[in-house]
Amino acid sequence: MPIVTIDDFQIEVPEGTTILNAARMIGGDLVPPAMCYYSSLKGSGGYCRTCLVKVEQGSAKDPRPMPKLVPSCRTTVMDGMVVRNETSPEVVEARAGVTEFLLVNHPLDCPVCDQAGECHLQDLGYEHGKLNTRSEFRRRTFEPIDIGDKVKLHMNRCILCYRCVKVCEQITDGRVHGVIGRGDHAEISTYIEQAIENDFSGNVIDVCPVGALTDRTFRFKSRVWYTKPVEAHRNCDKCCGKVRLWYKGEEILRVTARKDAYGEVAKLENGEAGWICNECRFEKKKTSDWVIEGPAHIDDHSVISAHHYESPEGERFGDEKLEQAALPHGEKVERGVGALNPNNV
Amino acid sequence: MSQKLLLKNDHIPGINTLEVYRKHGGYESLKKALGMAPDAIVEEVKKSGLRGRGGAGFPTGMKWSFLAKPEGVPRYLVCNADESEPGTFKDRYLMEHIPHLLVEGMIVSSFALGANTSYIYIRGEYFYVLRILEKAIEEAYAAGLLGKNILGSGYDLDLYVQIGAGAYICGEETALLESLEGKRGNPRLKPPFPAVKGLWDCPTVVNNVETIAAVVPIIEMGGDAYAGIGIGKSTGTKLISASGHINKPGVYEIELGVPVEEFIYSDEYCGGIRNGKDLKAVVAGGSSVPILPKHLILKTAAGEPRLMSYESLGDGGFATGTMLGSGGFIVMDEDTSIVRNLYTFSRFYHHESCGQCSPCREGTGWMERIIKKILDGKGTLADIDLLWDVQSKIEGKTICPLGEAAAWPVAAALRHFRHEFEEYVKNPQSIKDVRHYYRLNRLEMA
Ligand SMILES: Cc1cc2nc3c(=O)[nH]c(=O)nc-3n(C[C@H](O)[C@H](O)[C@H](O)COP(=O)(O)O)c2cc1C
Ligand code: SF4
Ligand code: SF4
Ligand code: FES
């Protein structure tokens with residue numbers, strides 16, 4: 001089995017493992033951020049370029065360095081490969097560049113975005129971006145679209161990671177969802193707003209790394225950091241029935257699939273992803289529908305865990321500060337607050 | 001007069017028909033090839049030193065020998081006739097005037113590679129050329145040059161022309177294959193390369209129109225004789241699409257190694273700069289290769305005369321050199337605004353980015369807007385530095401080379417003509433050629 005060195009850590013991995021997955025096996029800071037790769041979706045990855053790493057030595061047999069940075073999610077390790085992630089200034093610089101590109105057309109409407117707090121783009125910007133934007137031009141805009149009565153598409157926030165496209169290709173039957181248009185005007189579409197009517201279509205919400213695809217039944221109900229995640233299950237004849245319930249007080253505000261440390265839908269015991277059906281996700285919002293297992297594990301990645309973020313001056317934001325910083329209107333967000341374009345809301 | 005191999009008969013009336021083409025020696029290479037072993041043809045192409053004419057200049061014989069040959073799996077030859085690089089129009093000329101040369105090249109090459117089905121993928125805007133090609137193919141079928149048991153050799157080949165929908169990105173070989181399969185033309189991640197997993201996951205060779213056409217004279221004269229033409233590793237002849245401020249724009253077949261100065265000024269080729277003006281700069285190989293100012297395009301940094309060859313144009317790397325690319329030779333006279341020219345190019349790449357990867361999707365539009373701002377006289381010196389930084393963050397970080405194609409022209413314009421950008425910033429009134437400037441703006445408002 002090949003042995004690979006990533007940021008001076010060595011690990012032996014099965015043949016065919018990608019650099020990204022080898023890094024995930026080691027864990028910690030040397031794991032490159034991945035905005036488009038999704039382990040349970042075939043052919044995902046390669047698009048966003050946030051996971052670019054430097055290959056200092058190709059393999060034991062051919063020790064030459066690779067001429068360009070490579071996407072770690074789509075590059076297989078070779079025996080004797082030496083990889084640099086954050087210990088390479090070139091990688092740090094390129095990643096800051098990619099982060100900046102992802103924000104060039106992003107509306108930065110976090111104050112009114114349901115994804116805020118569990119958005120991978122927020123994390124990416126915080127961890128790998130620069131403080132200021134250098135783009136001063138008008139951003140490209142789209143009108144928000146309802147994809148059926150349960151899912152909302154805010155194309156302005158989309159980073160074209162193609163994850164939702166792969167969900168529709170691979171885990172729902174008829175493919176009615178794809179990308180139309182080109183370049184920075186490309187958009188996710190269900191071919192002229194046809195609703196995706198499929199038992200598993202709601203999973204596009206879980207795979208979306210940003211607030212482009214959100215749950216209409218959860219819309220503006222609460223900021224995620226005010227809700228409490230609880231693991232639960234039920235006997236479902238369509239899906240695994242293993243979910244995460246998001247409570248506020250006694251009320252279940254939303255139901256999602258369970259997520260792993262990298263924000264992906266967690267794998268079941270049989271190794272397959274625990275996708276959930278639309279009935280579990282949208283229809284079962286009473287505690288009596290579920291067998292409660294207990295509070296969900298919250299890792300450091302989540303803003304729900306206190307002390308995730310610190311200010312540029314090194315100040316930590318705990319729960320108290322976060323609460324003060326929250327919107328003055330309490331949990332109910334007014335239309336247009338903080339949005340650059342009122343149409344975004 | 002230098003030797004012509006591809007366009008030697010283009011002036012003959014009716015050469016687009018099978019009858020006249022055959023009268024002038026057409027399909028003789030095919031007869032010869034069908035009597036050879038396929039591997040022997042590949043060997044001749046290797047010996048010829050032919051390099052891909054689509055832009056990258058990769059040795060064709062080597063590409064052919066990389067083609068995987070697993071048992072029981074079909075192989076395909078695909079001709080790239082998507083020709084959309086600004087400044088490049090040589091393939092169109094060839095297909096329009098001597099369509100049978102391409103058809104013959106396709107049959108010979110398919111036979112050499114063991115392909116029984118081949119495709120010509122042609123750009124959407126060339127629909128009238130599509131008809132010309134289809135007619136030529138029809139004639140070839142009727143004459144037993146295509147279809148079952150070609151000329152009694154026992155070899156079968158079906159040749160199809162597929163028209164694109166007008167996207168530059170579908171000229172990138174893997175995007176082309178996606179499009180040919182009926183999907184959205186997004187480039188694939190490499191590896192795997194088409195030679196292993198190409199069209200419908202089968203081993204595939206993708207070659208440019210001119211590359212495939214050149215196989216015909218190579219078989220006719222032999223690889224060694226072909227290699228005797230040209231200079232060094234730039235063997236044979238090359239079609240150059242010459243455009244811009246010259247007296248005689250058009251498609252020229254040159255022997256590789258002609259001095260750039262001769263190409264621009266001699267009456268055999270471009271015939272000098274229009275209206276007696278002075279030369280300012282040249283984009284030598286299609287819009288994506290670095291622009292060079294007069295002193296660097298006529299002579300290398302070391303003072304040697306610059307030649308029309310892969311090596312000589314590349315001499316000095318990107319610091320002082322450029323690339324032969326696809327042979328789209330764009331000449332600019334002393335009155336040309338480099339900033340405006342760059343804006344035109346950048347607008348193109350922004351428009352043509354497929355949008356798959358973030359640096360190209362977001363960066364091309366950003367660069368276009370910065371250049372527009374400078375062009376409008378609203379730029380700052382910081383914008384010039386920003387432009388440099390943005391292009392450097394695209395180059396080498398994308399899925400396909402369109403990212404580089406968009407970044408290189410920006411880098412080269414800043415490298416050699418930074419003073420002109422600074423002039424636009426410091427002295428906006430100096431924007432010359434007001435007429436064109438306003439026309440551009442009006443077009444945008446309309
Ligand atoms: C954005 C882009 C556009 C391209 N367009 C063309 C084209 O129009 N025609 C072409 O022959 N090659 C084009 N290429 C190069 C092809 O990918 C490929 O290298 C070529 O067809 C190989 O043929 P050759 O070896 O005969 O040159 C393009 C490449 C890129 C990245
Ligand atoms: S909508 Fe979300 S999941 Fe789909 S491509 Fe955009 S960012 Fe990715
Ligand atoms: S570099 Fe540009 S054209 Fe090529 S795959 Fe990326 S976005 Fe598409
Ligand atoms: S995660 Fe590797 S390119 Fe997006």
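This is a predicted model: local features need pLDDT of at least 70, side-chain atom pairs count only at pLDDT 80 or more; totals for chains, interfaces and linings use all residues.
When I speak of a salt bridge this morning, I mean a side-chain nitrogen of Lys or Arg within 4 Å of a carboxyl oxygen of Asp or Glu.

One of the bridges joins the side chains of A:Glu93 and B:Lys393, with 3.0 Å from N to O. On the side of chain A that touches chain B, the elements giving two or more residues are α2, residues 89–104, and β8, residues 178–180, and it is α2 of chain A that gives the most, with eight residues. Sorted by class, that side of chain A holds 16 nonpolar, seven polar and nine charged residues.

As for the extent of the interface, 32 residues of chain A are in contact with 34 residues of chain B, and the area buried between the two chains is about 2,800 Å², with carbon and sulfur atoms giving 55% of it. Within chain A, the residues that lose the most area to chain B are A:Phe101, A:Phe137 and A:Arg182, which together account for 28% of what that side buries.

Now let us turn to chain B by itself, which is divided into domain 1 (18–228), domain 2 (237–333) and domain 3 (338–445). The centres of domain 1 and domain 2 of chain B, taken over C-alpha atoms, are separated by 28 Å, and 16 residues of domain 1 are in contact with 21 residues of domain 2. About 1,400 Å² is buried between these two domains of chain B, 54% of it from carbon and sulfur atoms; on the domain 1 side, B:Arg53, B:Phe89 and B:Lys90 lose the most area to domain 2, together 32% of what that side buries.

How many salt bridges does the rule find across the interface of domain 1 and domain 2 of chain B? There are two, and B:Glu311 forms a salt bridge with B:Arg51, the closest N and O atoms being 2.9 Å apart.

Finally, the ligand. Around ligand 1 there are 18 residues, of which B:Gly54, B:Asn80, B:Asn207, B:Asn208 and B:Thr211 come nearest. A polar side-chain atom of B:Thr211 lies 2.7 Å from an oxygen atom of ligand 1, while for B:Asn207 a side-chain N or O atom is 2.8 Å from a ligand oxygen atom. B:Glu173, by contrast, brings a backbone N or O atom, at 3.0 Å from an oxygen atom of ligand 1.

Methods: Residues are numbered from 1 along each chain as its sequence is written. Chains are lettered from A and ligands numbered from 1 in the order in which they are written. Side-chain values use heavy atoms; hydrogens and water are left out. Domain bounds come from an automatic or database domain assignment. Contact means heavy atoms within 4.5 Å. Buried area is the accessible area (1.4 Å probe) that two parts lose on being put together, summed over both. A residue is near a molecule or strand if one of its heavy atoms lies within 4 Å of it. A polar contact is a pair of N or O atoms within 3.5 Å; within protein, one must be able to donate a hydrogen and the other to accept it, and residues adjacent in sequence count only if both atoms are side-chain atoms. Helices (H or I, at least four residues) and strands (E, at least two) are DSSP runs, numbered from the N terminus. Ala, Val, Leu, Ile, Met, Phe, Trp, Tyr, Cys and Pro count as nonpolar, Asp, Glu, Lys and Arg as charged, and the others, Gly among them, as polar.
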